[in-house]
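Reader: I am new to this structure and would like to learn how to read its contacts. Could you take me through them one by one?

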Amino acid sequence: MALIKCPECGKEISDKAAACPNCGCPISGGNGVNSTPTTAQIRVVCKTNTIKVDGQATKHGSIVTVHVNGSRSILLSAWGGAVGAFGSSVNATVVAGHKYDLDVHMTITGRMLYLKEVSQFV
Ligand SMILES: [Zn+2]
C-alpha cells in the first residue's frame, strides 16, 4: 500500500481507497464503486464456427476482454460451420462494464452473429 495526496484536500491517503476519508473526493485507481470500467467482456457461446472478436481469434467458451472507452463499435466475424466458407461479419456496439454472449443466430436473411447483453456469465 502506498500513500498518495488527495487531489482535493491534500491529505495523505491510501492509494487503495475508493474515496478520500477526509473530504470524500473519489480517487481514480481505487477499488471502490467510483472507479470507471474501461473494458467489456464477450463470451463466445457459438460452438460451430471460427470466431474473431475485434480482430482476436477466439474459441468456444472463451471470454474476450475488449478495451472500451465509454462505448465502442467492434467487429465480430465468423466463418466455417453454420455461416459457411464465406463467413459473416457484423459491427456491434459494446459498453464498458457490460458483459455479452456472442452466438450465431438463424434469421430470415441467413445466419448472423449477434450479441446479447447478460448480467453475468453462467
Ligand atoms: Zn481529500
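Author: Keep in mind that this is a predicted model. We can begin with a charged pair: Arg 72 and Asp 54 form a salt bridge, with their closest N and O atoms 2.9 Å apart.

Reader: Which parts of the chain does the pair of Arg 72 and Asp 54 link?

Author: The two residues sit in distant parts of the chain, 18 residues apart. Arg 72 belongs to strand β7 (residues 71-80), while Asp 54 is in the loop between β4 (50-53) and β5 (56-58).

Reader: Are Arg 43 and Asp 101 buried or exposed?

Author: Both Arg 43 and Asp 101 are buried. There is also the salt bridge between Asp 15 and Lys 16, where the closest N and O atoms are 3.8 Å apart. Asp 15 is partly exposed at 23% relative accessibility, and Lys 16 is partly exposed at 49%.

Reader: Now the metal. Which residues coordinate the zinc ion?

Author: The zinc ion is coordinated by the SG atoms of Cys 6, Cys 9, Cys 20 and Cys 23, at 2.3 to 2.4 Å. Along the chain, these donors follow the spacing C-x2-C-x10-C-x2-C. Cys 6 is in the loop between β1 (3-5) and β2 (12-14) and Cys 23 in the loop between β2 and β3, so the two tie together parts that are 17 residues apart in sequence.

Reader: How should I read the angles at such a site?

Author: For four tetrahedral donors, the ideal angle at a metal is 109.5 degrees. Here the angles among the four donor atoms run from 105 to 114 degrees, and the site of the zinc ion is tetrahedral.

Reader: Is Cys 6 buried or exposed?

Author: Cys 6 is buried, at 4% relative accessibility, whereas Cys 23 is partly exposed, at 38%.

Conventions
Residues are numbered from 1 along each chain as its sequence is written. This is a predicted model: local features need pLDDT of at least 70, side-chain atom pairs count only at pLDDT 80 or more; totals for chains, interfaces and linings use all residues. Side-chain values use heavy atoms; hydrogens and water are left out. A salt bridge is a side-chain nitrogen of Lys or Arg within 4 Å of a carboxyl oxygen of Asp or Glu. Buried means under 20% relative accessible area, exposed over 50%, partly exposed in between (1.4 Å probe, protein chains only). Helices (H or I, at least four residues) and strands (E, at least two) are DSSP runs, numbered from the N terminus. Donors are N, O and S atoms within 2.8 Å of the metal (3.2 Å for Na, K and Ca); water is not among the atoms, so sites may look incomplete. Four donors count as tetrahedral if all angles lie between 85 and 135 degrees; four count as square planar and six as octahedral if opposite donors are over 155 degrees apart and all others between 65 and 115; anything else is irregular.
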